[in-house]
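Have the viewer open as you read.

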Amino acid sequence: MHDHLAAVSLTLLAYAAIALSYFGWGSVAARVLRLTASNGVMRVWLGWAVALLIFQALHLFVPLNTVVIAPVFLGGIALAIPRAVLRARGLRLKRGRMMCVASLAMVIAVVAAWLASRSMIVPRIYDTGLYHLHAIRWINSFPIVPGLGNLHGRLAFNQAFFTYAASLNVAPLLTNGSRIANSFLFLLTAATFLARMRPAATRPALLLESHPFEYLSSLFALPILGYLALSPALTAPTPDLATDLLQLVMFVTLTGVAHHWDGQDSADKTAMLAILAATAITIKLSNLAFSLVVMAIAFFLARRMGNVLRVGVLLTIVLSVWIARGYVSSGMPLYPSTIGSAAFDWSVPRDEAVHMTALIRGWARDPRRNSPALEHWTWLSAWSRRLPGTTVIAPLLLGVCLLGATGVFATLKKPRPRRIEAVIVLPVLAGLAFWFFTAPDPRFAHALFLCFVIAAALLFLTAIQPRVSRRTFALILCAVFAATHLGLALQAYRERETIGQISVAGWQPIPRAPLIPGTTASGLVILTPASERCWDAPLPCTPYFRGDLRLRVPGHLESGFAVTPQSSVGRNTILNLRNFGAAGDGTSDDGPALQRALDALATSGGGALYVPPGSYAIATAVSKNFSSATSSITIAGESSSTAIDVAGNGAGLNLASEFIIKVGKTNIALALSGLDILSIRDVAFVGIKDVDDDAQVVLLVKDIERVNVEHCEFYGLASLGPGGSIVAAHESGLKIDRTAFLGCATSSAHSTSIIRNQTWRDIAVTNTKFVDYGNRPNFYSKTPMAPPYSWISIGDAAASHADWFRRDAVIRNVFLDEGAFIGITARPDLHAPSSAPFNVFISAVRMNVSNLFTCGIYLSGVDKVLIEKSQFGWSHNADAAIILKDVNEAILDRLECVAHANTIRADGATERLVIVNSIYEILDSAAPYTKKVTTPDGPVQFVRQRYLEVLGTEPELHALHFWADQMLRCESDASCLVERRTALAKYLEFAHEAVAWRRRD
């Protein structure tokens, strides 16, 4: 507790010192710009903009460390103290007034202490660990680094906010300073609104007597701060919250000059508007349209040309420094836009910038990144359903209604509202248009929808004020205020527990990611996090390592990063394992040869490794972190045309290329990580007959976007210790196709499975079999040593990301023998990280259910489940065919549950269970919604048939579930069923046309 009080006290002093320093620089800037009427709070904003410009300019040449930062802050404080003393001497407060001021100061101190405590918790914004903290670390460590975007594309986002945040990493807060960047701006914004409302606080009648633009804009904006205070962005150095606050401040300031712009006070406000607008563009590019219109209005309303020229010079300097920084970091001033790009040796490749733009736009429109949907307007339907009601839909609808009512009043006779006052809605509309056509995710709209409804409310109140009595106007004002903020109040109530999410033990440490070093083709060593986020790792770190990266000057990170031309990197390299010393005699240790071959592939930037016919003993563990988002690695044995027989027999695939696993129970035989695509095909992994534990894990893949294991065989392998498995996929997308697992064993006592997935991106096991024994060449099995907990363990899903927001596990056309304790399991509760929601889709599975009084399929904590066209049987002592626990919704269609595997169970935490046209004896379901459907035209098979008729292909299982669920929810409503079938027909018609169009193209 004492540490926390000390940390809070230190942070409060830091708030005061930062504000005083900015006030000093703002006062100097105000004198230079002749802004004589600007108040103290606006001078702090001006000083913030000036200090940010100073730091950005300095960072072009030197790192922003304590030696550079401290003089700037101390200089501002030195400039501020004389002016602050003079202002303090000028204050003459009566005793009652002093009590009010003291009470207000105490309230502000309590709020500031809460903000400080909230800033001390671990940041909860995903992008903070992904690149925010690392961008700040680069700024503190080096001058601006040329081509930093080549290391990590997001580090090239030209966002001056990170320069501001990095400038706070100075003693005594040190590296924690950047974490209070947003909370300081939050306090400054609150002070801005309170300062504007100060006359109304002493005389509340002014709210009714004055023009609505005078005080009501601040009154309407204040509750939004209460909502933003609950945002997780307050706990992280993210530019999103800073953008929200800047938009609100600019909007409120704009209303202050929209209804009268004569006099020095209005001239000062227009100058401040222009300066804040230019600074907002440098903070985040999504402010571009909003800020440009604000700047245009500010210059239009300005009356003193001399002042306009001075402000114009400052704006030119601000934007010029910002553009220069963009050219240095990426070769593009508006990265990821390629407008104005230059061909420097450090420039980010143009196609990568275009890809980043498409990635952002695609994720904003449709997180599933459905390419046809991105190119046509069909994404609008799904996009509109994702819009939040409280912060987008409700403000938009209310704002439109209020503007419509204002338009009606504007057509009436005098008094009419002045048309010039309508300019307050122009920057908001421009910002929303820019948002919609670039990246229309609600997150990127920031405060625009809230500004829109406030603008509409103010224009409505302006139109109605002269037409009604004062009492009536007060009632209308209260009604409009309540309607404007009702949605935010409801949302804040739902998130009320956030108020208690503060630190009570000082600064909570930033998470540390396990780091894996990797070497590029040029010899540059890059750190890659075991997860996707570097957090505040040592430099250089990136989650997207690339083999073609090099330093412009070897050994000097500050020299910058460049990309080796593609012609210099062997993308089509094909290596032969024999050429690296492999014997292939089944006895000699070929592990070192395999390691050398993989190292050579990494050096060449990707390619294929050919494994000639032979038996290659792996007695030395092999591990390689390729760490390149662009690398594609293939390990291929001698091609085999033997078709997989997905049946309960031990027939193998007659593969001539074998890896004989001999590393022992504590080692991982083959560990591969850090790739975009990994393909392994036509390779057999074979165990040793007289060995109980061949390896802890035979094949481990980690942090690989797509892993394809095709036409492979895993034969007679055992991993009986803790943490074991035959194939383990961590933080990857795993696809296994046409593969045989024969006579393999893991230990149910340790809850280990043959295939283990953890923090997975997606899973597909198709056309594959799991059999208790093998005939390669003779009958052989290790399964009797210990039954695996399951043949396939789905595990816990990784958090969704921009590339793909769904997590689907697909199992199709698979045979599972009785040797495993359970055939298929989904137990995210067995893993420490919390799992993202995921779906399980199973089709055409044939299973001999275990005799160990267990079940065939055990699914827990799953969102959507579809199991169809599957058979469960053979067992003489099973508990159930299927057990569902805590499943959101499940559809079981055309199942055959016989012998002792004749029971289907669902617990009370399962929300919805529908069983269609299935054979079973016992249904033990406590699900609140349980329904049995028997119909000759079941919806699942109806959807399949329509796909086959129109597209000539089987539907993806997630699509099969979606359309079938839509129809099942109609229940007995015939009109609803017709409507859903019609929607399916239209969708298939569009899909058919799209396929035909692509073929023509």
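## Disulfides

This is a predicted model, and a search of the whole structure turns up 2 disulfides. One of them links Cys534 with Cys541, at an S to S distance of 2.2 Å. The torsion about that S-S bond is about -90 degrees, so the Cys534 and Cys541 link is left-handed. Both Cys534 and Cys541 are buried.

Then there's Cys970 with Cys976, whose sulfur atoms sit 2.0 Å apart. This link is left-handed too, with -60 degrees about the S-S bond, and both Cys970 and Cys976 are buried. Count the bonded cysteines of the chain in sequence order and the pairing reads 1-2, 3-4.

## Other cysteines

Cys855 is in no disulfide: the nearest cysteine sulfur belongs to Cys897 and is 11 Å away. Cys855 has 3% relative accessibility, so it counts as buried. Cys478 has 52% and therefore counts as exposed.

## Nonpolar cores

The largest nonpolar core has 167 residues, and those touching the most other members are Tyr22, Trp45, Trp48, Trp138, Tyr164, Leu461 and Phe561. Helix H22 (residues 448-464) gives the most to this core, with 16 residues. Another core, of 91 residues, lies apart from it and includes Leu575, Phe685, Val727 and Val840.

## Helix H11

Helix H11 covers residues 212-228, 17 residues in total. From its first C-alpha to its last, H11 reaches 24 Å, close to the 24 Å expected at 1.5 Å a residue.

In H11, 12 of the 17 residues are buried, so the helix is largely enclosed by the rest of the structure. Among the buried ones are Phe213, Tyr215, Phe220, Ile224 and Tyr227.

Definitions and conventions. Residues are numbered from 1 along each chain as its sequence is written. This is a predicted model: local features need pLDDT of at least 70, side-chain atom pairs count only at pLDDT 80 or more; totals for chains, interfaces and linings use all residues. Side-chain values use heavy atoms; hydrogens and water are left out. Helices (H or I, at least four residues) and strands (E, at least two) are DSSP runs, numbered from the N terminus. The expected span of a helix is 1.5 Å times one less than its number of residues. Buried means under 20% relative accessible area, exposed over 50%, partly exposed in between (1.4 Å probe, protein chains only). A nonpolar core is a set of buried Ala, Val, Leu, Ile, Met, Phe, Trp, Tyr and Cys residues joined through side-chain atoms within 4.5 Å. A disulfide is a pair of cysteine sulfur atoms within 2.5 Å.
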